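Subject: Structure handover

Hello,

Here is the structure I promised to pass on. Please open it first, then read my notes below.

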Amino acid sequence: MNYREQFDQISTFLAPLKKMWENEILCLYPNDLDCFNTEWMRQLASLNEEELWQVDCHANYSVLKESEFAKWIETIQELSIIEQSQKNKTTDLPDWAFNKVKGKKRHEILILAEVFKKIQDAKPFSHLVDIGGGVGHLARIMAHYKGIECISLDINEEFQKFGTKRMEKYPRPSGAKEVSFITHDFTEELEGDLTKKIFSKDSFSLGLHTCGPLANRHIDCAIRNETRGLLNFGCCYNRLDPKTDINLSSHAQENGLRGLNHFSFTLATRGHSSMNFEDFKHKRRVKNYRYALHLFLHDEMGIKGLTPVGDSHQRDYWASFSSYAQKKLDGKEIKYDWSSDQFDEFYSSKETQETLDKLFYANIIRWQLGRILELYILLDRVLYIQEQGKTPQLLKFFDEELSPRNIGVLFTE
Ligand SMILES: C[S@@+](CC[C@H](N)C(=O)[O-])C[C@H]1O[C@@H](n2cnc3c(N)ncnc32)[C@H](O)[C@@H]1O
């Protein structure tokens, strides 16, 4: 399937589901929850906690049997197919190369090392620029072990100081190339003609987990400076500005979705994170408390809109509902005249528990749209690059279990 076709099919699938992706569950309470198929909600209600967990984190849908709900999920999966990048054998490196580097990062670096080596062998580039390179683990490995000169650019000077110290501490293999750190806010131009020098026609740039709009800036910078190539992995889509950072391509502007907002981007960011059973139970507890507080505000206090209350410490969700609710209400300076017992009775009442279950099942259905919304965002970026005369690819690079944000936009000249 070509990217434009995939984008159009995803848009057509998502358009009638607008109510689901443009609203948080609580915005739909109480009158608009009917956008969630009643039969699917009943099906979820018949599952036990472990089965719900498996559906929620996309691990096992067999419990849904042959149903309309299962078919809907199958359609999402078919529309979300992304080609796997060629798997190259990764080479082992000395232990100290990865000292203090977490498993996820190690996995990503080892894979990207082979990707860049292959690109370098086919069409040599002068140096690699790592945008948002943090402490520079990737740049260090590329320079020291793959012989690729690197520039690691990041806004955070502390990260870079740590990275410089780290570099001096361990042995440098013979033939190692240089790593330079540049402390800079990438949303702004570098001084003088430094941008042009760094993003030269012979350079290749990487953005590994560039938060929100930083990914778009990266793509624009590579196109504007006609660099040799780019590989970008987005993340934190919830930081995108719905007015400026989506529907970048003319194709999406004409044919894409309208109404994507902060709630849709948050769903795209979180919708497919893998989760163990304990995490799932905690998530349900968090949702129950947050939802119950909303029910109290909405039904008992007459506060109809969504009141942002922020996250709480993990232990607050396992204390009584009354202590959670009172803390939140005091924090927002909302006056109430309920006693602790009243709050706890309200929470454990049959009526509240039934509503909380319903809201949670709705959330499970909505959650299924996370990955496909992420693809909508990424395909729009791909179409935008195509419209600039390039031939981008959208590929899966990492093992989803280890690194869920595993899809990269790649182009080489
Ligand atoms: C999610 S982290 C990714 C770090 C690293 N690339 C990785 O994958 O482990 C995003 C990085 O981008 C940096 N960053 C955020 N905004 C930036 C900006 N405007 N300019 C440059 N760097 C930025 C942060 O300091 C952080 O190191």
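Two strands pair if DSSP finds at least two bridges between them. Helices (H or I, at least four residues) and strands (E, at least two) are DSSP runs, numbered from the N terminus.

Keep in mind that this is a predicted model: local features need pLDDT of at least 70, side-chain atom pairs count only at pLDDT 80 or more, and totals for chains, interfaces and linings use all residues. Residues are numbered from 1 along each chain as its sequence is written.

The sheet

An open sheet of 7 strands runs in the order E3-E2-E1-E4-E5-E7-E6, and its pairing is mixed. E3 and strand E6 (393-396) are the edge strands, each pairing on one side only. Neighbouring strands are turned by 20° against each other on average, direction ignored. For such angles, axes are lines fitted to C-alpha atoms (for helices, over the stretch in contact), and angles run from 0 to 180 degrees between N-to-C directions.

Strand E5 (residues 229-235) and strand E7 (residues 407-412) are antiparallel, with 4 bridges. Leu231 has Leu410 in E7 as its bridge partner.

Around E2

Strand E2 (residues 150-154) has 5 of its 5 residues buried. Buried means that 20 or more other C-beta atoms lie within 10 Å of the residue's own; exposed means 12 or fewer, partly exposed lies in between, and C-beta atoms are placed from the backbone. Cys150, Ser152 and Asp154 point one way from E2, Ile151 and Leu153 the other.

Strand E1 (residues 128-131) runs parallel to E2, joined by 4 bridges. Leu128 stands opposite Cys150 there. Strand E3 (residues 179-183) is also parallel to E2, over 5 bridges. Here Leu153 is partnered by Ile182.

Helices on the sheet

H18 lies across E5, E6 and E7, at about 5° to E7. Contact means C-beta atoms, placed from the backbone, within 7 Å.

The cores

Which residues touch the most other members of the largest nonpolar core? They are Leu128, Met142, Cys150, Leu373, Tyr376 and Leu379, in a core of 65 residues. Helix H18 (residues 370-387) gives the most to this core, with 11 residues. Another core, of 25 residues, lies apart from it and includes Trp40 and Phe321. A nonpolar core is a set of buried Ala, Val, Leu, Ile, Met, Phe, Trp, Tyr and Cys residues joined through C-beta atoms within 7 Å.

Best wishes

Note on methods:
Contact = placed C-beta atoms within 7 Å.
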